[in-house]
Number of protein chains: 2
Amino acid sequence: MSFVSVNIESAADSPVKLTRRALAKQRTRERVLSAARRLFSERGYEGATIRDIAQAAGMSTGAVFASFADKTELFDEILTADYEVIYAQMVQAARAGATVDEALLGLFGVAYSFHLDQLPLLRATIAVSWTRTEAAERSARADLKHIFRLIGEVTQRGIDQGQLKSGIDAKLLAEITWDVYVANYRRAVFDGWTVEALLARLSDQLKVIFAGARA
Amino acid sequence: MSFVSVNIESAADSPVKLTRRALAKQRTRERVLSAARRLFSERGYEGATIRDIAQAAGMSTGAVFASFADKTELFDEILTADYEVIYAQMVQAARAGATVDEALLGLFGVAYSFHLDQLPLLRATIAVSWTRTEAAERSARADLKHIFRLIGEVTQRGIDQGQLKSGIDAKLLAEITWDVYVANYRRAVFDGWTVEALLARLSDQLKVIFAGARA
């Protein structure tokens, strides 16, 4: 359930044997991450300090800093872990869809289902995405490349199967789709929309966005 | 330069005569707003406290609370003032455009020009828009209605002039356009894009979004 699983053989080539000490360190990280996830969800990114997180995890702030350089790193770690969980499911959903629209609704449906279960964390994530440093933005975009590659595969298959015209600007179509996908979360946050409602809207949006691209 | 200017006659019906005391109160508000604008721009919404703002304005926190109920109200007041400044210009630009695309690029161009001059405040605004209360969201959406009405006028004119098909979902087209308009600011924030670069991108996006709607 992670990017690593794509390269499962190379992972098997170098099995990681954890010493007792490394195991303890890993458990500490997990305790911190679990407490941080809860507090970021409850209070947002700005509202949760490292001191709060340390207290919730039952350890000193020093112990937290032994595992994470700062709050940004802690937050990014949570997002990366989440992303690794859903990416494999998004790939499956994208491949299971018979048409371009089905494939896109499938892959974004995985994301909607996942994030609607932890909406406060998603709100914090989108808010932080506008105020983070350039370095953090670069890192987030590197992660997004996998999603955009996946959307690219879907549109390429649409071209190959004669659903979409060749010569379309697939990158631009993918980016517009991404923008509306993210903006739709506002309906979940403030209007209580369900996954089904979000997907119905995304389906309407895809009809508009791909109207000029249909073969 | 405000919504009020649309109803300039009714405004003239009830001229406001400020007493010396009311004038002093207004000056206090303006000092607070000016300090708040600067601090929100420098530190973001979360990073600027009422205490900081009071200090920067050279007054007590009590004096600030005499004018504003809380930080949210202070922030909203700044945004509303900005919005009133640009709305009249957006109307003019929308009416000056000969085609639907020109009109939309004109009205969003006004907004891009304005916000690129105070990008840190815009970042804070978008970030806050994801974490604010439902009441604040409702209030923000009420302001946005004017913009959506304006976009609606542009598309209706496009239909009347035979540029767009009748029977299109003008609301959905406007909402998709709005979503990409907002998302494009990310390029200004993290990639240093100019107004011209943002408008070139929006022009490409409009070609996609309106492809199925052209007559």
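Predicted model: local features only at pLDDT ≥ 70, side-chain atom pairs only at ≥ 80, totals over all residues.

Residues are numbered from 1 along each chain as its sequence is written, chains are lettered from A and ligands numbered from 1 in the order in which they are written, and side-chain values use heavy atoms, with hydrogens and water left out.

**Symmetry**

- Turn chain A by 180 degrees, with a shift of 0.0 Å along the axis, and it lands on chain B with an RMSD of 0.0 Å (a least-squares superposition on the C-alpha atoms of residues with pLDDT of at least 70 in both copies).
- That's the relation of a two-fold axis.
- Within chain A, Ala127(A) comes closest to the rotation axis, with its C-alpha at 2.0 Å.

**Where the chains meet**

- On each side, 34 residues are in contact with the other chain (contact means heavy atoms within 4.5 Å).
- About 3100 Å² is buried between chain A and chain B, 60% of it on carbon and sulfur atoms (buried area is the accessible area, with a 1.4 Å probe, that two parts lose on being put together, summed over both).
- Trp130(A), Arg186(A) and Phe190(A) lose the most area in chain A, together 27% of what that side buries.

**The second largest pocket**

- This pocket holds about 360 Å³ of space (on a 1 Å grid over the protein atoms alone, a pocket is an open set of points with protein on both sides within 12 Å along at least five of seven lines, while a cavity is a set where a 1.4 Å probe fits but cannot get out; lining residues have an atom within 4 Å of a point). Volume here is the space filled by probe spheres set on the points, which are joined across faces, edges and corners.
- Its lining has 23 residues, and those nearest the centre are Tyr45(A), Glu46(A), Ala127(A), Glu46(B) and Thr131(B).

**The largest cavity**

- The structure holds 1 cavity of 30 Å³ or more, and the largest cavity has a volume of about 30 Å³.
- Leu79(B), Asp82(B), His115(B), Gln118(B), Leu121(B), Leu122(B) and Thr125(B) line the largest cavity.
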